[in-house]
Amino acid sequence: MDTNQQYNQIIINNRNQRLKKSIIILGLLFPLALFLSFIVSLFSDSRHTLSREAEDEITKKWGEPITLSTPYITSKDNNIVYPSTFDTDIITKSEIRYRGIHKCVVFFSDVKIKTKFKTDKKGLLSLKIPCEKMRINKIESFLNGKKLNIKKSRPIENCYYYANIIAENPETELNIDINMSIKGIKNISINPCAKNNSITMSSNWNSPSFQGDYLPDERSVSKEGFNAKWNIANDESGINDSKVNVEMYIPLNAYALVNRATSYAFLFLIIYMFSLLLAEYFANREVDKIQYLMASLTPPMFYLLLLSISEHLTFGTAFLISATMSSGLIALYMGAVLKAKKVAMSIFATNAVAYAMIYILLTRETFALLIGTLTLFAILATIMALTTNLNQKEQ
């Protein structure tokens, strides 16, 4: 073996030793970076708790989630009669209210209820309209077109509005209309207890979530708001626990998305650490363990940036800013450490692809698995292409 071959062999051995050392260092730093990312997730939970506390304060001053129960009639012997038909039309105007930097959806609702009662009772009856935990600004009721004198019960729990009515003939059908103006927060629930129930709801809020025991028969959602309609038939009129529920939620909740982003930290860190390892190998320069320690702090810093910026901007904008800052920081740092601009550009590109993959996984739940798998395949193919000539370079 001549002198040049011996020299080349020494270089190859040194590079391999350096590579093994870097793998050990990055392997030790991997749990640290993962742990710090988990700490950011816990911090996000605490911020979310503060957000819920701010929501509770808004609730105390504005109103609670609304539950509309079917009105009913009681007789002197406490016999309860529910209507045969219960037609409800709800028009809601929603808006966002702030408590500091935290926000919550509140709304005004104009509710029009039309009911038909059939009872075999005669004489004095009492119409009761449940209103527990509802903040009603205005309420009025009509019996066969004649306005009733509505009063509110005294008990705070199980409270209701009531009006005395007189049934002159037990065969007479009682047509009772109720109009209400209500303030509420986040969602509206309706408890349909009549034999035939028809519910229509419209709002200017464009992010509804239809929940409860019944999905709408018809619905349309656009940028201007939503419209929905339910037709519900029960075997007979009477109390039940079924509900129609519509939640007006704020899409892309920042705290939930930050927590989901940190759940992908393991996958991202694998790509991130491997990109650092490849950068050192191709630059053929040694990276000190302190420099690797600094580099391993970048992913947790990304999550912290994402959390703090998303409290003030939309999540997409916050993600773009945080990813750009983090990718730029590590690219500039590693470029200065390795004295190689091309390597720095490749690190920036690799991080950009990894962050893009995370964002797609967060915002495209339906296709998350497919998109994530294709992205990983593309990254693997890129790494394979970059490492194809490793042996040839050594030779």
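Predicted model: local features only at pLDDT ≥ 70, side-chain atom pairs only at ≥ 80, totals over all residues.
Figure 1. A search for disulfides across the whole structure returns zero.

**Figure 2. The protein chain as a whole.** The protein chain contains nine helices together with 17 strands, and 44% of its 395 residues count as buried. When contacts between residues at least 6 apart in sequence are considered, 76% of them join residues at least 24 apart.

**Figure 3. The open sheet of eight strands.** Taken in order across the sheet, the strands are β8-β7-β11-β5-β4-β13-β16-β15, and the pairing within this open arrangement is mixed. The edges are formed by β8 (146–147) and β15 (218–222), each of which pairs on one side only.

Figure 4. Strand β7, which covers residues 135–143, runs antiparallel to β8 and is joined to it by two bridges, with Leu 143 standing opposite Lys 146 in β8. The loop between β7 and β8 holds Asn 144, a residue that has a positive phi of about 50 degrees although it is not a glycine. Most residues other than glycine have a negative phi. With a relative accessible area of 45%, Asn 144 is partly exposed.

Figure 5. Strand β1 (residues 66–69) and strand β12 (residues 187–191) run parallel and are joined by four bridges, and the bridge partner of Ser 69 in β12 is Asn 191. In a regular strand the side chains alternate between the two faces of the sheet. In β1, the covered face carries Ile 66 and Leu 68, whereas the uncovered face carries Thr 67 and Ser 69. Lys 186 is found in the loop between β11 (173–185) and β12, and its phi is near 70 degrees, a positive value in a residue other than glycine. The relative accessible area of Lys 186 is 26%, so that this residue is partly exposed.

**Figure 6. The packing of helix α3 against helix α4.** Two packed helices are described by the angle between their axes and the distance between the axes. For helix α3 (residues 265–283) and helix α4 (residues 289–296), the axes come within 11 Å and cross at roughly 145 degrees, and the crossing in which α3 passes α4 is right-handed. On the α3 side the contact involves Tyr 272, Met 273, Leu 276, Leu 277 and Glu 280, which meet Tyr 292, Ala 295 and Ser 296 of α4. By residue type, this contact of α3 with α4 divides into six nonpolar residues, one polar residue and one charged residue.

Figure 7. Ser 275 lies in helix α3 and counts as buried, because its relative accessibility of 9% is under the 20% cut-off. Leaving aside neighbours within four places in sequence, Ser 275 is in contact with Thr 350 and Asn 351. Leu 278 also has its place in helix α3, and with a relative accessible area of 13% this residue is buried. Between Leu 278 and Ser 346, which are 68 residues apart along the chain, the separation of the C-alpha atoms is 9.9 Å.

Note on methods: Residues numbered from 1 in each chain as written. Heavy atoms only, no water. Axes fitted to C-alpha atoms, helices over the stretch in contact; angles between N-to-C directions. Left-handed = near helix turned anticlockwise from the far one by under 90°. Contact = heavy atoms within 4.5 Å. Nonpolar A, V, L, I, M, F, W, Y, C, P; charged D, E, K, R; others polar. Disulfide = S-S within 2.5 Å. Pairing = 2+ DSSP bridges. Buried < 20%, exposed > 50% of the residue type's maximum accessible area, 1.4 Å probe, protein only.
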